[in-house]
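Thanks for making the time today.

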Amino acid sequence: MIQCQWCQAQNQPGTTSCQTCGAPLDERNKVSDSGWREAPRLRDMVEFRFSGSTCQVEGELVPVAEVALHPQDGVYFEHHVLLWKDESVPLSSLNTGGGMKRTVGGMPHIVTVANGPGRIAFSRDAPGELVVLPLHPGMELDVREHAFLVASHSIQYSFVRIKGLVNLLHGGNGMYMDRFVTTGYPGMLLLHGNGNVLERTLQPGEKILVEPGGFLYKDSTVQMQAAQMPLKTGFMRQSMYLAEMTGPGRVGIQSMYVHHHAD
Amino acid sequence: MNTYICRYCRQPSDPSSPTCPLCGAPVDIRSSVSDSGWVEQPPIKDMARLQFGQSHVQIAGTMVPVVEFNLAANDWIYFSHHVLLWTEPQTRLANMAMRGAWNRKMAGLPLVMVEARGPGHIALSDNHAGEVVALPLQHNQQIWVREHRFLTATGNINYTWHPTGIWYTTGSGDDQETHYPMGQYGDTFAATGGPGLLLLHAPGNAFIRDLQPNQSLLIQPSALLYRDVTVRMSLHLEYPRNLGFAYWNSRWSYRSIWARIYGPGRVAVQSIYSPPEDTEMITSHSYATTHHW
């Protein structure tokens, strides 16, 4: 058997891409000297499976995720990432809760649910990469707002408030993060990262300072705190803040972002 | 060790390495040259390493590449704070003094540069799909770079900025507006403290061409990426022949605003640019050549 280096799933010998996440199995990991690993570049038209459904990735500049839903399966997503669907695929809405809090945070109140059978496709509107994150039971992942593309219905969706006034005012990551949790069953989460996506696993207590606009996802075990730098920026000489990430756990970043203190 | 001159950075390089250790260009490929003579700058290979001083740089990614520095204890770089992606806590960051804050603010240039000193890792990236272009500079070599294309430079490279001298005005009275199709200021980098490394970010693809003395070329002003300081430039205004439209239409609505660049020297362009607005009549301009068809 061949173990996928991205999602750790086992694959039959002779397969060239992981059946669980689509990562190429016949290419070396690309890891920088400091330990950042590039998210696997999914080949055009690669397919992978989750539950009884399949997902095919089309295109490489602004990739499209095309999902063939099994009759018992469903996926949910923010409605503006829907590219096309079979007419027969029913849509329903799922209230996220949070009401005014989400309005104030600039996040959608409702995520849309599509159930099988049928085909449905998703994409975001920027050059970048699809990041496929199969979630095993018991995993919790925090995702930057508006970075999530689609998730399978076995994953619970909630959101967490970014705590602390300093984090809120200077953190550059908005008021809320999406949180995805798996309980009894595994699930599939797809994100869209702008530009290139890199991931690093932090050891317990290990710290890294990240531009908040570049933050994409993290394990919920990773602590995120706005940290003031010894720098002044802009005409008003305001302080510069970065997001201090403290392990243990994974941190994912995207290389194209709008600087949170662009002046 | 045998050496060869890298066809992209023009520096003596190591032919046994898969990529030029100074600029990251692949050694083992034929150059792609268009019929007109533009040489395509090959993208730096994913995870390629460049050397400077006791430090090195690694390029990660191909769509919006990340430039990751492993800074040695005595090496330092500077950059605009907008491009900082991540840093290790032990890398020392400090503000770099900049003159002309008001002029830079008015011109939309970053007011603050940040110095990063080793030892430690730090990574930078721009926010456009494109390429990182590495320009190793020999001692006392200078290069001119269009505003906002600078990503970072090693500490031994001196940075100054000067007016481009390319402008035109539209409107009159209170409605008069001055336009700078190539930006109000251009950046000049000089390796005054010994050989250094300059990194730019080019949105889209980058192409290089060598101009002979007095050879001239018309390019979109905002497509210019960098040029040798021996290359001169001026404004060129081109008006199409009137094909039955009203006279005033051909005077401004369909004009083309170009940068005319003159050799000798090397010039590089990027394939993503913003054409100048072309709806109002030009009332005055910097030195320009004009052509009415």
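Before I use the word, two strands are said to pair if DSSP finds at least two bridges between them. Please also keep in mind throughout that what you see is a predicted model.

Let me begin with strand S17 of chain A, residues 187-194, which is mostly covered, since eight of its eight residues are buried. Gly187(A), Leu189(A), Leu191(A) and Gly193(A) point one way from S17(A), while Met188(A), Leu190(A), His192(A) and Asn194(A) point the other way, and all of these are buried.

Which strands are joined to S17(A) by bridges? One of them is strand S14 of chain A, residues 148-152, which runs antiparallel to S17(A) and is joined to it by three bridges; here Val150(A) has Leu190(A) as its bridge partner. Another is strand S12 of chain A, residues 128-135, also antiparallel to S17(A), with eight bridges between the two, and in this pairing Leu135(A) stands opposite Gly187(A).

Now to the meeting of the chains, where 31 residues of chain A are in contact with 31 residues of chain B. On the chain A side, the elements that give two or more residues are strand S19 (207-210) and strand S21 (223-233), and S21(A) gives the most, with five residues. By class, that side of chain A has 16 nonpolar, nine polar and six charged residues.

Finally, pairing also crosses between the chains: S19(A) and strand S8 of chain B, residues 84-87, run antiparallel and are joined by two bridges, with Thr87(B) as the bridge partner of Leu209(A).

Key: Residues numbered from 1 in each chain as written. Chains lettered and ligands numbered in written order. Predicted model: local features only at pLDDT ≥ 70, side-chain atom pairs only at ≥ 80, totals over all residues. Buried ≥ 20, exposed ≤ 12 C-beta atoms within 10 Å, placed from the backbone. Helix = DSSP H or I, 4+ residues; strand = E, 2+ residues; numbered from the N terminus. Contact = placed C-beta atoms within 7 Å. Nonpolar A, V, L, I, M, F, W, Y, C, P; charged D, E, K, R; others polar.
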